[in-house]
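Let's take a walk through a protein together.

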Amino acid sequence: MLSKLRAFAHHSYLRLVLAFAAGAMTALAFAPYSIWPLYIVAMAFALHQSAGLSAKQGLHYWLSFGFGCFCVGISWVHVSMDTFGGIPLIASIALMALLALYLAIYPALTGYLLQKLAPKTSICRNLILFPALWTLTEWARGWVLTGFPWLWAGYSQTQGPLKPIASMTGALSLSFIVALLAGALALGMVKRWRSALIIVPIAAMLTFIAPYTSTVESKGESLSVALVQGNIPQSMKWEPDALWPTMLKYMDLSRPEFSADLIVWPEAAIPAPEHMVKDFLYNANQAANLNNSAIITGIISQRGNSYYNSLIVLGNYDAKQQDKGDYYGEEKNEFKKHHLLPIGEFVPFESLLRPIAPLFNLPMSSFNRGDYLQDNLNAVGHQITPAICYEIAFPEQLRANVNEQTDLLLTVSNDAWFGTSNGPLQHMEIAQMRSVELGRPLVRATNNGVTAVVNEKGDITHQLPQFVAGVLTADIPLVKGHTLFTLVGQWPVLLLSALLFGSGLISAFKRDRLVRLKR
């Protein structure tokens, strides 16, 4: 008896190790590796192996899968804590693991409900309940506690053939399709190919029809841009003595590129409140005016006792050629970041946490929140929808701010916090998906990479190397029209998932009732 218990314990332990390994393998489906089929294969393996488990075992199994996924996929998070947060390496890794464990709760919830409602392999379990539950829990992960929608399954398809589907109902619909294909593959593992094969042509058909649901077409004009990558070391970025050298570096890099319509400096390129650098802003405004161009720059704006992570426009905004004028500031043609990064830009339970460790006293970690809905920035007569750093990961926020006149999506960032890790490359991948969803070209200006231009199909057309100071120039063909996602967002896939989940609940209730009656 004892030997059987030991064998069972060993088997359970091995099962969790395999689940962790399958989850860890999903990291290879995201940037910079982009081996997009791996996510489907890893998920199918986990789904097949978890069949027949109890609800409690299913929770543990998918918790292990999720822990593997996030431990490896977001391992870069510890870099900022270790290098800039003043936390020892072992403690920063422990905090990263704690975050990964929290994020793993969402796949675990999927596993628990899946095994509770449909414990054995079936069409209902694999092709209805699993995609619905996975989609709903991913959505919840992107919303609860301000949300962390990083490594949604759909982002694994940014370089894959399924990408056009995002133009209909967003990256979350790609998560649904990935889970559906994984469910079909898991059915095939138990020789039920006839039931599974129908999913492949459905996915292919959706990919084929996606472009026909869009009215996006060429506008017949282009916009020339110059994206400035200053490569300012994070260790000196907020040093008072580095303020003027930093600003002058951006101006020196920009001066040869004033023939461009639009010059973009990254997040907090000017690392000081507006009122402290009025003279510099006035001169930069005049330089842009004289060259019939505009500069968009990240800056710290102050309104009373409130500070905001902001973008402002210098130079010509109503048209490429306009009457020259002074820079006035005061919230005119300005964007304030809405979706702030916990710890990095605001500290929850501030009075309790700030005394604990230097991590909770990072520079500029007490920002106020801008409005959810804000006017587009206006530069040389073009409407530009911005997102600062982390908020590019929230598709509904960007969709809410895009309008028919929007010519360009803009995101700025400073990913120097994360060194040479995969974090900035995953960030770029997320930005690409916003172009697919909204059918607009996107420019991304960063301090040290990835600085790039993306077309309306989500493909990178121009890119600067990371960790060098330089300027990326490009002529961007502009488009007009809208995608289906622009009109409906991700709500259709959420509604479908909720209905499928509801039908699964009803089926499980009827099954349990029938079992009780037979007894």
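Predicted model: local features only at pLDDT ≥ 70, side-chain atom pairs only at ≥ 80, totals over all residues.

To find Asn-414 for yourself, go to the loop that runs between strand β9 (406-413) and helix α16 (423-438). The side chain of Asn-414 also reaches the backbone nitrogen of Ala-416, at 3.3 Å.

Is Asn-414 buried or exposed? Its relative accessible area is 4%, and a residue counts as buried when that value is under 20%, so Asn-414 is buried. Who are its neighbours? Leaving aside residues up to four places away in sequence, Asn-414 touches Gln-234, Lys-237, Glu-267 and Asn-447.

Now let's step back. Across the protein, 56% of the 519 residues count as buried. Among contacts between residues at least 6 apart in sequence, 72% join residues at least 24 apart. The secondary structure consists of 18 helices and 13 strands.

What about the overall size? The C-alpha atoms fill a box of roughly 85 × 55 × 35 Å along the principal axes. For 519 residues, a compact globule would have a radius of gyration near 24 Å, and the protein's value of 25 Å agrees with this.

The accessible surface comes to about 21700 Å², and carbon and sulfur atoms account for 64% of it.

Terms used:
Residues numbered from 1 in each chain as written. Heavy atoms only, no water. Helix = DSSP H or I, 4+ residues; strand = E, 2+ residues; numbered from the N terminus. Rg over C-alpha atoms; globule rule 2.2 N^0.38 Å. Buried < 20%, exposed > 50% of the residue type's maximum accessible area, 1.4 Å probe, protein only. Contact = heavy atoms within 4.5 Å. Areas by Shrake-Rupley, 256 points an atom, 1.4 Å probe, with all protein chains shown as cover. Polar contact = N/O pair within 3.5 Å; in protein donor to acceptor, adjacent residues only side chain to side chain.
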